[in-house]
Amino acid sequence: MALSLVFVILSVTLPFIAAVPSPATTECTGTISSLSDVAAAVKCTTVNINAFTVPAGSTFELDLAEGTTVNMEGDVTFGEENWAGPLFQVSGTSITFNGNGHTFDGNGAFYWDGQGINGGVTKPDPMMKIKISGTMTDVKVLNSPARVFSVSNPAKLTLSQITIDNSAGDASNSKSGSKSAGHNTDGFDVSSNNLTIENSIIMNQDDCLALNKGTNIVFQGNTCSGGHGISIGSISSDATVSGVTISGNTITNSDQALRIKTKSSATDASVSGVTYSGNTASNIRKFGVIIDQSYPSTLGTPGTGVKLSDINFTGSKTTISVESGAERVAVNCGSGACTGTWDWSELSVSGGSAGKITNFSGISGYSE
Ligand SMILES: *[C@@H]1O[C@H](CO)[C@@H](O)[C@H](O)[C@H]1NC(C)=O
Ligand SMILES: *[C@@H]1O[C@H](CO)[C@@H](O)[C@H](O)[C@H]1NC(C)=O
Ligand SMILES: *[C@@H]1O[C@H](CO)[C@@H](O)[C@H](O)[C@H]1NC(C)=O
């Protein structure tokens, strides 16, 4: 009796056990050595990427299952063609992306003409489109045609130990005349929430960070050189930026160290709750700190449609050294647009000339 019952249970359950591995993703390991491997590999929750070349005109696109771990095992390089890109795109939730020090090589020199996305040939832009939550670490990006990372994470994401090396674009070439050949090579363009970018190195010719909108953003322990410094903006109509910490970064050989720029035409927008702490900057060519509501002009007639509040330099000292032709601090607010008291007691700027603070008297703890 007992024996036949066991037999019945087994014969009923076994077919179901055999059917279990049928869902769309499994705990297999998928390996990518060419674009034709991608569709099968993303069905697995471990994806290994070997060295390969992505054919010109194609996006290497990974649409990953929840919880996937990606391991780069070699360098990925992209074929050359004048098209819109992106070159690489990754999406998914709770992803662990391990670059293991490997490189995505955009072969930027093929495209660079000193005009970036504002002219010249069509360039893949952005190079890297990141739409994951989780972590991405230890990835190198070499020679982006134009903007490097565009980040729009669906939930909390930490990017760490990312190296962006566009330094080869500093030199001019036959198409750029006397200008740097690399142009509009923003390091990280962010319109997103709950994002940390840390311990990364950015060598480029434009903004190190361009934060266009978002809340709960941390940018810490990064090194920015060659470009336009760490920027909030440019802020457009209806954009909100709040809860931003910019701390422990090093900025060298850049136009600005720290900047907030809002469009003069923008309406119904705000930037609030920005804390700068423990940043160090040197060899700054134009402005140490610039908060300017007149974009696209620089220190032109400011708009009043973006409210600025709670912009502080607190915690540990932010120390900026500017070059002789530069201004230390410039603040250009629209009438009534900058409000409250801003605690700037942990800001120290040396070199250059003072710069002007207009239409705002709420800065405390700092004098020019
Ligand atoms: C950001 O994270 C917080 C805390 O986990 C969460 O409540 C909030 O919904 C997140 N915001 C967005 C827009 O994802
Ligand atoms: C900025 O400083 C002001 C003035 O001390 C303070 O009221 C405000 O809470 C500070 N904001 C943040 C985000 O720390
Ligand atoms: C103050 O802001 C208004 C616009 O809101 C602008 O027209 C004016 O030039 C500003 N004042 C100064 C001294 O810059």
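1. By class, the shell around ligand 3 is made up of two nonpolar residues, five polar residues and no charged ones, where Ala, Val, Leu, Ile, Met, Phe, Trp, Tyr, Cys and Pro count as nonpolar, Asp, Glu, Lys and Arg as charged, and the others, Gly among them, as polar. The residues that form this shell are Pro-302, Thr-304, Cys-333, Gly-334, Ser-335, Thr-358 and Asn-359, a residue being near a molecule if one of its heavy atoms lies within 4 Å of it.

2. A note on the basis of the values: this is a predicted model, in which local features need pLDDT of at least 70 and side-chain atom pairs count only at pLDDT 80 or more, while totals for chains, interfaces and linings use all residues. Residues are numbered from 1 along each chain as its sequence is written, chains are lettered from A and ligands numbered from 1 in the order in which they are written, and side-chain values use heavy atoms, with hydrogens and water left out.

3. Turning to the cysteines, a search of the whole structure finds three disulfides, a disulfide being a pair of cysteine sulfur atoms within 2.5 Å. With bonded cysteines counted along the chain, the disulfides of the protein follow the pattern 1-2, 3-4, 5-6.

4. One of these disulfides joins Cys-28 to Cys-44, with an S to S distance of 1.9 Å, and its torsion of -100 degrees about the S-S bond makes the link left-handed. The pair links distant parts of the chain, 16 residues apart, with Cys-28 in strand β1 (residues 26-32) and Cys-44 in strand β2 (residues 44-49); helices (H or I, at least four residues) and strands (E, at least two) are DSSP runs numbered from the N terminus. Cys-28 is partly exposed at a relative accessible area of 28%, whereas Cys-44 counts as buried at 6%, where buried means under 20% relative accessible area, exposed over 50%, and partly exposed in between (1.4 Å probe, protein chains only).

5. Cys-208 and Cys-224 form a disulfide with their sulfur atoms 2.1 Å apart, and the torsion about its S-S bond is about -65 degrees, so this disulfide is left-handed. Cys-208 lies in the loop between β16 (201-203) and β17 (209-220) and Cys-224 in strand β18 (residues 223-225), so the pair ties together parts that are 16 residues apart in sequence. Both Cys-208 and Cys-224 are buried.

6. The disulfide of Cys-333 and Cys-338 has its sulfur atoms 2.0 Å apart and, with -90 degrees about the S-S bond, is left-handed. Cys-333, which is among the residues around ligand 3, is buried with a relative accessible area of 0%, and Cys-338 is buried with 7%.

7. The UniProt annotation "active site", from an unreviewed entry, covers His-228; UniProt positions are given in the numbering used here, feature names are shortened, and annotations may be inferred rather than shown by experiment. His-228 lies in the loop between β18 and β19 (230-235) and, at 21% relative accessibility, counts as partly exposed.

8. Asp-113 is found in the loop between β8 (103-105) and β9 (128-137) and counts as buried at 5% relative accessibility. The C-alpha atoms of Asp-113 and His-183 are separated by 7.9 Å, with the two residues 70 residues apart along the chain.

9. As for the whole protein, there are two helices and 31 strands, and the C-alpha trace spans about 95 × 55 × 35 Å along its principal axes. Of the 368 residues of the protein, 49% count as buried.
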